[in-house]
Amino acid sequence: MGFSVTELYKKYGDKVVVDHLSFRMDEPGVYALLGTNGAGKTTSIRMILNMLAKDGGTVEWNGGPLTLRTCNVGYLAEERGLYPKNTLMDQLMYFAALRGVSKDEAKKRIAYWAKRLEAEEYLYPKQEGRKPVKPKKADQLSKGNQQKIQLMMALLSDPELLILDEPLSGLDPVNTDLFKSIIHEEIDKGKYLIMSSHQMATIEEFCTDLTILNRSKTVLQGNLAEIKKSYGRINLFVKAEQDLKALIEAAGVTILTSVGFSYQCRVTGEAQANELLKTLVAQGITLIAFELREPSLHEIFVEKVGEVHEES
Amino acid sequence: MKNPELRGIGTVFRYTVQQHYKTRSVIIFLVILFLLAVASMPVMLLLSGRQKEVTETQIASVYLRNETGYAFNPDAVHADARYAGVTIIETAEDDEALTQRVMNEETAAAAVLSTGTDKASVFRSAAAANKNTAASVGEQKQFTIRTYYGEDGSVTGADAETLNRVLEEALHQSLLESLDITEEQEITVNSAAVAQVAKVSEYQSGTEESNLDTHAAVNMAYSYLLLILCAMSIGYVTQSCMEEKVSKLVESLMVSVSPVALLAGKLLAVAMFIFLGFGLVGAGLCISYQIAGHLGGFSFLKPLLEEIMPFRLTALHFSGSTVVLLVICMLLAFAISMGLSGISGSCVSKTEDMQSASFLNMFFLMGGYLGGVFAPLAESDAVNLFCSLFPVTSPFCAFPNYTCGKIGLPVFLLALVIQAATAVLLVRMAGRVYKMMLLYRGSVPKPAQILRMLKEERAAAKAAAGKEAPYGKQ
């Protein structure tokens, strides 16, 4: 059972754009595909969905090849759009029909998602005074509202596997929260989700496993909690009311950034941090903050991608 | 649907058609097209100045001045049941006196029969004389019949016009009688002679050859019809192919329907739109014909058709099955044009590139059209054979050549096979290019680039491990 990608490979001419990517999801959850621009995330997704021919590798769903017949896939593409001059309801009904959803069922599902995504006013004609107001066309909607319609299209077939490419880009904070709540809802329903995003904080909120790609190669892969644990608590944040630069450096701690009397530092481990804390207390310094924590996904990403850049 | 690649064609077709006919401008265009077709023949009739013939006349007497120099037989007028009771009064009165008569008598009409010289015949005669031909055509007489009626009387314009036509026929009869010519003699002398040149083998096999005029006219008419049909579709197909790219919907659609099904559904919708347009024009012309018949008969059509179409249907290989073949040939040509438009449309990502992308199709259309128009002028069997079989000119030339007896049935059937194979090849290629180029953004690639990309795509598909084909096809 589950979803797996094995040795996925693609090249254009002599340029390798996806270099033997492999990962698997044995149970429902969220898998994150992260990477710099041009790392090969979208190309990988397109190959997974059979939009692009693979130069190598396999994509399996429940032990067989993943196809439109074998897997009900919902996809929110990074490049989003709608037929500009057609009504939104027509477009949603069209997508539902293409996915084999009956008319009646499609109407029910559209009504549900329209309410859930607060998009009813764009889909159903209203009565304003004596005149009925025609339902809107796609080009009359804002980008965020168009995104809602596209998410509805991806969800209309009640997919088993949902692939979201940059789902939250371009949304205002209110709609970001709305989208997040829907993603949580889908996770709770036991769906398989693959997410690609540049917003590390968002990914961290949802994903259990991840792959970081850089220039077509996998630079880091695994369970997010375990990856973080493997790094240990090496990030230290210190804030005081006076300059601590000399004291921190004397303790052998590396200062990464400093703003005023706030310092973002890297320690070799908990022992070094404890040693620094003792020194500061012994000096009678009033500390506002002293926090030792695991690296964030953002920091891991920057570090991993940076390493590869240095190597190359 | 058994082939998963084709699943969803019906849905795409229905949606495309539905959206197309929801557009107000499309409906307005179709309505205008239909109304123009309906109005065409009655307008021609009105412009020709003819009116519907009356079934019962209000005319009691006709004052007739005969200036032709030939005896006029009034019985020829009385032979028409409507004018059996009309009194024909031959007179030598001048125009003014005749005018007074029709003004004063409520049921009277006046007619003047005169003669002159046909200027065209004088010209032909002079030309013949210059060439020192043995026989001079000679000057031909031209007869004129002018009929008058009173504006305040009970005689209507239609009544007077009907009388005029009856007088025209009666004058003709009178002339035959005056010259002591029977109707049979007249028909025999006026019968057209068709000049034919044939090889002994053609003569022995009984293969008829139509004359050059007919062949050229059939070729031109067919090529023109085909050119309009195909040219109309280019824009629609190109627009249709790039619609998803421009609206950035491609990726969302591709998880729901295969590119081949998407393209096929759209092409079918465009084909339906084009044929519906043609059907509406056809229906409009039928209605127009009925209206024209109701208003004043079809006599105005004959000279017009003779002028624009020097057809002699008897010289054509024309039968019921020819109509079926005509439809098949047009559909094949349309499919080839659609395939080419599909290929060029698939390569377009921006509206401004539409024009340059249509080059391939325009080349095919113009090549075929010019072949269709100029090939008959060569009067060469080899040219006719080549044009019938060469894929670019075959859709335009094979059918007219067969109909005019320029190629035999086996060659014609071979031409149909070639056209069908070309159509299948192009439509399949359009499907592959569409699939390959759906995610392509950039300027329109050259044909050589497209072929190279197709080759690479095929090699990649072969090289892919597992070999699982998209959309479940193994």
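**Talking through the two chains**

Mentor: In chain B, which has 474 residues, buried residues make up 33%, and please keep in mind throughout that we are looking at a predicted model.

Trainee: How many helices and strands are there in chain B?
Mentor: Chain B contains 19 helices and 4 strands.

Trainee: And what about its contacts along the sequence, what share join residues at least 24 apart?
Mentor: If you take the contacts within chain B between residues at least 6 apart in sequence, 81% of them join residues that are at least 24 apart.

Trainee: I clicked on B:K22; where does that one lie?
Mentor: B:K22 lies in helix α1 of chain B, and from there to B:L389 one counts 367 residues in sequence and 42 Å in space, taken from C-alpha to C-alpha.

Trainee: Why is B:K22 classed as partly exposed?
Mentor: B:K22 is called partly exposed because 13 other C-beta atoms lie within 10 Å, whereas a residue counts as exposed at 12 or fewer and as buried at 20 or more.

Trainee: Switching to the interface, how many residues of each chain are in contact?
Mentor: On the side of chain B there are 26 residues, and they are in contact with 34 residues of chain A. The elements of chain B that give two or more residues to this side are α1 (9–22), α10 (250–254) and α19 (447–463).

Trainee: Which of them gives the most?
Mentor: That is α19(B), which gives 4 residues to the side that touches chain A.

Trainee: OK, chain A now; what does the domain assignment give?
Mentor: For chain A the assignment gives domain 1, covering 3–228, and domain 2, covering 233–293, and the C-alpha centres of these two domains lie 43 Å apart.

Trainee: I'm also looking at β3 in chain A; is that strand mostly covered or mostly open?
Mentor: Strand β3 of chain A, residues 29–35, is mostly covered, with 6 of its 7 residues buried.

Trainee: And which strands does β3(A) pair with?
Mentor: With strand β10 of chain A (residues 192–196), β3(A) pairs in the parallel sense over 5 bridges, and A:A32 has A:M195 in β10(A) as its bridge partner. Strand β11 of chain A (residues 209–214) also runs parallel to β3(A) and is joined to it by 5 bridges, with A:G35 standing opposite A:L213 in β11(A).

How values were computed. Residues are numbered from 1 along each chain as its sequence is written. Chains are lettered from A and ligands numbered from 1 in the order in which they are written. This is a predicted model: local features need pLDDT of at least 70, side-chain atom pairs count only at pLDDT 80 or more; totals for chains, interfaces and linings use all residues. Domain bounds come from an automatic or database domain assignment. Two residues are in contact if their C-beta atoms, placed from the backbone, lie within 7 Å. Two strands pair if DSSP finds at least two bridges between them.
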